[in-house]
Amino acid sequence: MPVLPFLVALTLGLSALLAWAVRYLPGERWQMLASIPLQKNDSGAWECVNLTYYGFFLSAGVVAALAATVLLLASVGVPAWFIGLTTGATLLAGILASRGVARLVEGKKHTFTVAGALFVGSLTLPFVLGAAHALFPQAAPEGVNLTAWMAAALTGYAFGEGIGRLSCLSFGCCYGKPIHAFSSALQRWLRPIALRFYGPTKKIAYAEGMEGVAVFPVQALSAGVNFLAGLVGLALFLEGSIGEALAAVATVSMGWRFASEFLRADYRGSGAISAYQWMSLVILVAGIALGLLRPAGEAAPDLLAGLSALWHPGVLLALQGIGVALFFRFGRSTVTYARASYHVHSDRV
């Protein structure tokens, strides 16, 4: 199957998604997806739990990351069940560590970190892969080594991070510095692309008092840069340049993650260089070294084989199940609440 039409279609779809997200998600309307009534209070109104677009886009990002990883690994002949076993264990380790790392670095109980989850997952993958190969030595084809796995996983991460950053646009977190904090010369260039977040329940509003303030569009740029990294990695991987794909994705995605934190205004831990930035640098250096110094073998990627594996009913159901589970774990807001009352249209009875 030709790779170019696939890449063009994916590029157009991601570009349209990003353009829509930048226009609408910073608005007050696009934070709460639903409110579920739990119990009545003394005034007769229902106390509700909020389900957020933050959780929706975050879970969608994880599903996209897993889908891209399955596609790439299946394209070089790795069975879908073996991919699910290894990536599932790695994902579980990252998710379980995400809140703990955030609490350790930021001192916050009601948050979690994608950067920390990625770092823990990256450290875990070699051990998970080694154990899986020991248990099922005939499962993975010859030549599909750690370089290929890391290239596929990091490319998948780039797509997932791109979609996941849309959740930050909705919640108003991971926000950039106010435009007025830059020099007057830079302000003229930055104001046309600045973002403004509206709604008292946006994090930028209740944490910084910057509702409606023009800020650097770091979330939107992070989404765009990671989409670009994912597309480059996907193209190189499917062309057979697997080591180069790993090095390129690590350089672009981790390099931007390191640099972008200097443009953010939210608290990311103490120190001139945050713990998350150090984690990014470790992954960046490891990705470049592994991609350029350790060949990925002789596997010849086949896009059609990857798409066929991804379209398998079992794979689709597993991805959907993971997405739903993550949505209810991370989409349930613990920092906002709602009260609702219900009425009848008397003129429609």
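Which residues does L326 touch, not counting residues up to four places away in sequence? L326 touches S59, V62, I95 and G331, where contact means heavy atoms within 4.5 Å. The structure is a predicted model, in which local features need pLDDT of at least 70 and side-chain atom pairs count only at pLDDT 80 or more, while totals for chains, interfaces and linings use all residues. Residues are numbered from 1 along each chain as its sequence is written, and side-chain values use heavy atoms, with hydrogens and water left out.

L326 belongs to helix α12, helices being DSSP runs of H or I with at least four residues and strands runs of E with at least two, both numbered from the N terminus. With a relative accessible area of 8%, L326 is buried; buried means under 20% relative accessible area, exposed over 50%, and partly exposed in between, with a 1.4 Å probe and protein chains only.

Helix α12 (313-330) is also one of the elements against which the buried residues of α11 pack, together with α1 (3-24), α2 (53-75) and α8 (218-238). In α11 (residues 303-310), the buried residues include L303, G306, A309 and L310. Because they cover an arc of only 130 degrees around the axis, they lie on the same side of α11, the arc being that of the directions from the helix axis to the C-beta atoms.

Turning to the strands, β1 (residues 32-40) and β2 (residues 46-52) run antiparallel and are joined by 7 bridges, where two strands pair if DSSP finds at least two bridges between them. S35 stands opposite N50 in β2, and in the hairpin, which has 5 residues between the strands, G44 takes a positive phi near 90 degrees.

The charged side chains form 4 salt bridges, each defined as a side-chain nitrogen of Lys or Arg within 4 Å of a carboxyl oxygen of Asp or Glu. In one of them E47 meets R339 at 2.8 Å, N to O, and this pair links distant parts of the chain, since E47 lies in strand β2 and R339 in strand β3 (residues 338-340), 292 residues apart. R339 counts as exposed because its relative accessibility is 54%.

Another salt bridge joins R257 to E161, with the closest N and O atoms 2.7 Å apart; here R257 in helix α9 (residues 242-260) and E161 in helix α5 (residues 146-171) are separated by 96 residues. Both R257 and E161 are buried, and salt bridges that share partners join E161, R165 and R257 into one network. D266 and R264 also meet in a salt bridge, at 2.7 Å from N to O, and both are buried.
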